[in-house]
Amino acid sequence: MATKTINLNIEDDCLCSDITTTCSFPLEQKDVEETQSLSLNRPNGYLKGESRIERAWSHWKKLGEPKLIVAPMVDNSELPFRLLCRKYGAEAAYTPMLHSRLFNEDEKYRAMEFSTCKEDRPLFVQFCANNPDTLLEAARKVEPYCDYVDINFGCPQRIAKRGNYGAFLMDNLSLVKSLVEKLANNLNVPVSCKIRIFPNLQDTLSYAKMLEDAGCSLLAVHGRTRDEKDGKKFRANWEAIKAVRNVVRIPVLANGNIRHIDDVHSCLEETGTDGVLSADPLLENPALFAGYRTAEWGLGVAGMKEDDKLDQAELLIEYLRFCERYPVPWRIIRSHVHKLLGEWFRIQPSVREDFNKQYKLTFEFLYDLVNRLKELGVRIPLYVKDTEQAVSAN
Ligand SMILES: Cc1cc2nc3c(=O)[nH]c(=O)nc-3n(C[C@H](O)[C@H](O)[C@H](O)COP(=O)(O)O)c2cc1C
């Protein structure tokens, strides 16, 4: 039994095929030259003061002011998943959080955990860190490939507590400030930060202003506190996000409670923010930003109808095709299969059992799995707006 578990882990940590088309390390010569020419134009990295705020906006505008954004997700917002979400409406995306020290020290970690390609823009590359020099060294390696280097100040997990990063740096704001300053003064791409709110609004606002003054060019605010870990249990506080929007001058993104496209519209309206991030809901429904809904938000809702083409199985097949082109570790694919087909497995638990037992995954096995579910008659539709009904109602 023990041997089996070990095998499962080893197999799952392997890439699903050989790297061929991804952009990874070492940098190609043209990327190095591009970075060097950027450095010549901006010898002091990102500028301070008023002109820095203006530059934060002009950068954001140059990117096309993306509003619909894939949030960072460890083991889940990797390249193939980002590409799938982009195909269905996402206008920008974050990488999963990368550990800055491991990223510098471990070549294998870099190759396994970070990949991108030319279609993968605008891109935020996110790091966790507690040492400014380590963070800068890691950030320099990715700056030719991205539009923002992001610092994760929001991770509330035990592992972040042990490692002293993420939301636990909210107890050490001078370290937070030095991390942001280090990047803002030395990088050629802007630095963004992803934060959680404090229980007290005034603390949140002072925090946001401090980040802006330290050189942060874009702020993503997850409207939950460090202790509100369970997103399903705690509603995100959009009022607090709105207050942050009103107190800083840089672009602000809202995060929390974006479960379907109507949430996007209400959130933008209620908070006045410049865009939204969605995480967990995208895992079940990567076509969320294109207006598709899962049964939870579409079944029996007035003005919605079943879509007869796209469903989660089709999305999984598209995802697997991206994985064949842009390899990722099998454990990541495994996680997406569970999220995408969770409800389908509930109808046919024996297929889930077979999937769980399969310690060595292959694409053939996974395409077969989808076929098996179809042959067993399982299909859970996605829902879309019924435009005909809307027209006839008018
Ligand atoms: C599987 C998973 C992994 C996550 N990993 C990260 C991460 O790497 N970095 C980060 O800042 N937040 C991470 N988060 C938090 C999300 O980015 C987001 O802030 C949170 O889930 C709230 O958004 P939601 O309500 O749309 O899920 C993760 C969330 C999930 C569900």
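Two strands are taken to pair if DSSP finds at least two bridges between them. In the predicted model described here, strand E8 (residues 252-255) and strand E9 meet this criterion, pairing in the parallel sense over three bridges. Within this pairing, asparagine 255 stands opposite leucine 277 in E9. Strand E1 (residues 68-70) also pairs with E9, again in the parallel sense and over three bridges. In that pairing it is isoleucine 69 that stands opposite leucine 277 in E9.

The loop between E8 and H12 contains asparagine 257. The phi angle of asparagine 257 is near 70°, a positive value in a residue other than glycine. Asparagine 257 is partly exposed, with 19 other C-beta atoms within 10 Å, whereas 20 or more would be required for a buried residue.

A ligand is surrounded by 21 residues, of which the closest are Ala71, Met73, Met97, Ala279 and Asp280. By residue class, the shell around the ligand comprises 10 nonpolar, nine polar and two charged residues.

The buried residues of H10 are Thr204, Tyr207, Ala208, Leu211, Glu212 and Ala214. Seen down the axis of H10, these buried residues fall within an arc of 165° and therefore line one face of the helix. For helix H18 (residues 363-375), the 13 residues should span 18 Å at 1.5 Å a residue, which agrees with the 18 Å between its end C-alpha atoms. Leu366, Leu369, Val370 and Leu373 are buried in H18. Their directions, seen down the axis of H18, fall within an arc of 90°, so the buried residues line one face of the helix. An α-helix has 3.6 residues a turn, so residues three or four places apart point the same way. The face of H18 turned away from the buried side carries the exposed residues Glu364, Phe365, Asp368, Asn371 and Glu375.

Further backbone features occur in loops. Arginine 121 and proline 122 are joined by a cis peptide bond, with omega about -10°. Proline 122 is located in the loop between helix H6 (107-113) and strand E4 (123-128). Glutamate 65 occupies the loop between helix H3 (50-62) and E1. The phi angle of glutamate 65 is near 45°, which is positive in a residue other than glycine. Glutamate 65 counts as partly exposed because it has 13 C-beta neighbours inside 10 Å.

Phenylalanine 103 is placed in helix H5 (residues 100-105). With 24 C-beta neighbours inside 10 Å, phenylalanine 103 counts as buried. The C-alpha atoms of phenylalanine 103 and glutamate 137 are separated by 9.1 Å, although the two residues are 34 residues apart along the chain.

How values were computed
Residues are numbered from 1 along each chain as its sequence is written. This is a predicted model: local features need pLDDT of at least 70, side-chain atom pairs count only at pLDDT 80 or more; totals for chains, interfaces and linings use all residues. Helices (H or I, at least four residues) and strands (E, at least two) are DSSP runs, numbered from the N terminus. A residue is near a molecule or strand if its C-beta atom, placed from the backbone, lies within 6 Å of it. Ala, Val, Leu, Ile, Met, Phe, Trp, Tyr, Cys and Pro count as nonpolar, Asp, Glu, Lys and Arg as charged, and the others, Gly among them, as polar. A residue is buried if 20 or more other C-beta atoms lie within 10 Å of its own, exposed if 12 or fewer, and partly exposed in between; C-beta atoms are placed from the backbone. The arc is that of the directions from the helix axis to the C-beta atoms. The expected span of a helix is 1.5 Å times one less than its number of residues.
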